[in-house]
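Subject: Structure handover

Hello,

Here is the structure for you to look over. My notes follow below it.

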Amino acid sequence: MWFFARDPVRDFPFELSPELPEGGPPGPWVLHRGRKKATGSPVSIFVYDVKPGVEEQTQVAKAAFKRLKTLRHPNILAYIDGLETDKCLHIVTEAVTPLGAYLKARAEAGDLKELELSWGLHQIVKALSFLVNDCSLIHNNVCMAAVFVDRAGEWKLGGLDYMYSAQGNGGGPPRKGIPELEQYDPPELADASGRAVREKWSADMWRLGCLIWEVFNGPLPRAAALRNPGKIPKSLVPHYCELVGANPKVRPNPARFLQNCRAPDGFMNNRFVEINLFLEEIQIKEPAEKQKFFQELSKSLDSFPEDFCRHKVLPQLLTAFEFGNAGAVVLTPLFKVGKFLGAEEYQQKIIPVVVKMFSSTDRAMRIRLLQQMEQFIQYLDEPTVNTQIFPHVVHGFLDTNPAIREQTVKSMLLLAPKLNETNLNVELMKHFARLQAKDEQGPIRCNTTVCLGKIGSYLSASTRHRVLTSAFSRATKDPFAPSRVAGVLGFAATHNLYSMNDCAHKILPVLCSLTVDPERSVRDQAFKAIRSFLSKLESVSEDPTQLAEAEKDVHAASSPGMGGAAASWAGWAVTGVSSLTSKLIRAHPTAAPAETNVPQRPVSEGLPAPAPTPVAATPTTSGHWETQEESKDAEEDSTAADRWDDEDWGSLEEAESVLAQQDNWSTGGQASWAGQTSNPGHKSQESDWSSWEAEDAWEQGWQEPSPPEPPPEGTRLASEYNWGGPEPSDKGDPFAALSVRREAGAQPRRDSWGDDNWEGLEAESRQAKAELARKKREERRQEMEAKRAEKKTAKGPMKLGTRKLD
């Protein structure tokens, strides 16, 4: 039986890359790229081939192997594994690049900045301070060839071949025997007498001065070149001169050198160094300090190297979110760093964090995710959106904070193309119906209409036929003027999704009613839309063969290509009206109280009115973040009653008018603020709404508006504003009379129900109840009398409660 010796190199868990070696420090070591066989992760492998006749070099290489294996410091080359045989030595370290090659590549790309040079030198000086002050070791080989750079741009000190103890243990410094390295030796070493007084760090600080010269000026040709600072920054020149001074006694300790360079206006006193120092100690920082740091971090990332952001800042951000409870403050820098990642890396590192963030109950995090969704939506696949993100996003539709409701509506523009049939045509439409019908914020109702128009092309044919006409028709009846404009523009933007019959019988009648709207902007858009639809009908009338072409998109499954055209039809409603919403939220941070009655219906809502005042109600704190889902009744209302197919827009307005008439809001002395039309917390008896599918559903309940309440003294009518149209002329507006001002002594406002005598109805109801109660009392009295008569007619006397038997 034959036994074969195992090859240790073959069994080594790391292998060399077939690429050419990258070089290495002057001497016998050769630097190769490599990878770990099990995972494929990149590493660097320093290889030394043992040759006969060079026993002294072999001992130096083995000493370097031992030193690197035992020394652990963030600024010293990190040892991973090693292999020592009779033929070779292998040292496996983190993946690095020689500093010379790194600086050359950065300079050629034009990306080399003084900031990263300051931090790199800071790291090397810190490594020297660790060796000299903490370990009492002299590096004895500080030069450009002994410094390496990892993938994050961090400088690492290597080249430990000629290191020796500062305390004299183990003999003096080893002999180098390499001319390229001897030029970095300080001049006092040439003094054979040894009478020069020096500190233990003096020789290494001279070599540090040589390294600084090479970083800014290139390879050092001779020692005499150190007299000319060249391109060394002016803020560093005084400290550099101390390093290369002829007197070794005045050369500063590495720790003192760092302190001098970190002084005000010093070379290492900059934002980049401060951020790196904070990241090194982030685990021991207070939560308040971390919050402040991450809030200010995003402002500086644009000026930092890309590799530093990807490989150093990003892991710290992910760790802070995962374990440090950093919260929403990490989002802005996280997405800014995410721009540097490729699609695959983004999927691996950012998307899992984003999905987890959407499940958070932190409102600040939710609203920032919604605001910045555009930065990561392209990396989300449809299954992730439908199963892990959309179920959490829809909670925002029921939120009591108007800002979150608004951002949730806007986010649907990005999510709609990725939603499946159920989420888009059923779940989303249910929430849109509730917002458009019951939300008290006019801008949110407006943006709901805008969003519906923009995503209309993604809806199924049956949903479009059932929803769009009814939704836009209802928007034209909204008391908030921009909502009415959005309804008109919605019709125009989705004109290709309606049949000719719908255009003639449903859409044009609605648009014609807006030609006498009190608001000039509404009338202008109505006339434009009417001309567009009339032109379409006229062209089909003149040439009936065009009917098929005109209705080709009506029954199409979906036409996402139209999304680009619809993206600009009402952009102002999402941006301009958004600012109005923000103003309302800042002025009134609390949501509509659930304990109040239905508020007064606003007169004529336009763009910002002076000094809106909230309805007098029990105040709620701005920190009250409870949602409507916490109530079972609210859940049932949102899941069962708030459906597009069950909405009776007329009955909702009628119930609101009745309650407003009964409560006599006109005498309450408080005016409702713009955009507030109904209280979502109030449940009316008319909550059983009819279907949007009914052709005339939008017509029911919308009567002629009653005369509005008198505005405050000096208030301009909404029709007097210029809403972005042409400059006003001197001609009077013939429609301004439609906004009737109420005289001071006028009677209280009546709703569109007319002059119905509600007090008479109530009196009759009370009389009927009293009559019913009187009849019940009479019946009870007769029943008791009958029982007493029966007892009197009983046979025989009664003694002690017992009847005498015959």
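How many of the eight residues of helix α14 are buried? Six are, so the helix, residues 351-358, is mostly covered, given that buried means under 20% relative accessible area. Please keep in mind throughout that this is a predicted model.

Helix α14

The buried residues in α14 are I351, V353, V354, V355, M357 and F358. They pack against five helices: α11 (306-323), α12 (331-338), α13 (343-349), α15 (363-371) and α16 (382-393).

The chain as a whole

The protein chain has 806 residues, and 47% of them count as buried. Its secondary structure comprises 29 helices and twelve strands. The accessible surface is about 40800 Å². Carbon and sulfur atoms hold 52% of that surface.

Cavities

There are nine cavities of 30 Å³ or more. I looked at one of them. The second largest cavity has a volume of about 130 Å³. Twelve residues line the second largest cavity, and the closest to its centre are F46, L68, G159, L160 and D161. By type, the lining of this cavity splits into nine nonpolar residues, two polar and one charged.

Cysteines

The structure has zero disulfides. C446 is buried, at 0% relative accessibility. C135 is partly exposed, with a relative accessible area of 26%.

Positive phi

Two residues deserve a look on backbone grounds. Most residues other than glycine have a negative phi. S136 has a phi near 55 degrees, a positive value in a residue other than glycine. S136 is in the loop between α4 (114-134) and β7 (137-138). Its relative accessibility is 15%, so S136 counts as buried.

N140 also has a positive phi, near 70 degrees, and is not a glycine. N140 lies in the loop between β7 and β8 (147-150). At 5% relative accessibility, N140 is buried.

L115 lies in helix α4. At 28% relative accessibility, L115 is partly exposed. Which residues does L115 contact, leaving aside its neighbours within four places in sequence? The contacts of L115 are N270, F272 and S303. L115 and P305 are 190 residues apart along the chain, and their C-alpha atoms are 9.1 Å apart in space.

Where is P518? P518 is in the loop between α22 (500-513) and α23 (520-542). P518 counts as partly exposed because its relative accessibility is 21%, and the buried class ends at under 20%. From P518 to A481 is 37 residues in sequence and 9.1 Å in space, C-alpha to C-alpha.

In short

For a first pass, start with α14, where six of eight residues are buried. Then view the lining of the second largest cavity, including F46 and D161. After that, check the positive phi at S136 and at N140.

Best wishes

Key:
Residues are numbered from 1 along each chain as its sequence is written. This is a predicted model: local features need pLDDT of at least 70, side-chain atom pairs count only at pLDDT 80 or more; totals for chains, interfaces and linings use all residues. Side-chain values use heavy atoms; hydrogens and water are left out. A disulfide is a pair of cysteine sulfur atoms within 2.5 Å. Buried means under 20% relative accessible area, exposed over 50%, partly exposed in between (1.4 Å probe, protein chains only). On a 1 Å grid over the protein atoms alone, a cavity is a set of points where a 1.4 Å probe fits but cannot get out, and a pocket is an open set with protein on both sides within 12 Å along at least five of seven lines; lining residues have an atom within 4 Å of a point. Grid points are joined across faces, edges and corners, and a volume is the space filled by probe spheres set on the points. Ala, Val, Leu, Ile, Met, Phe, Trp, Tyr, Cys and Pro count as nonpolar, Asp, Glu, Lys and Arg as charged, and the others, Gly among them, as polar. Helices (H or I, at least four residues) and strands (E, at least two) are DSSP runs, numbered from the N terminus. Accessible areas come from the Shrake-Rupley method with a 1.4 Å probe; for residues, only the protein chains shown count as cover. Contact means heavy atoms within 4.5 Å.
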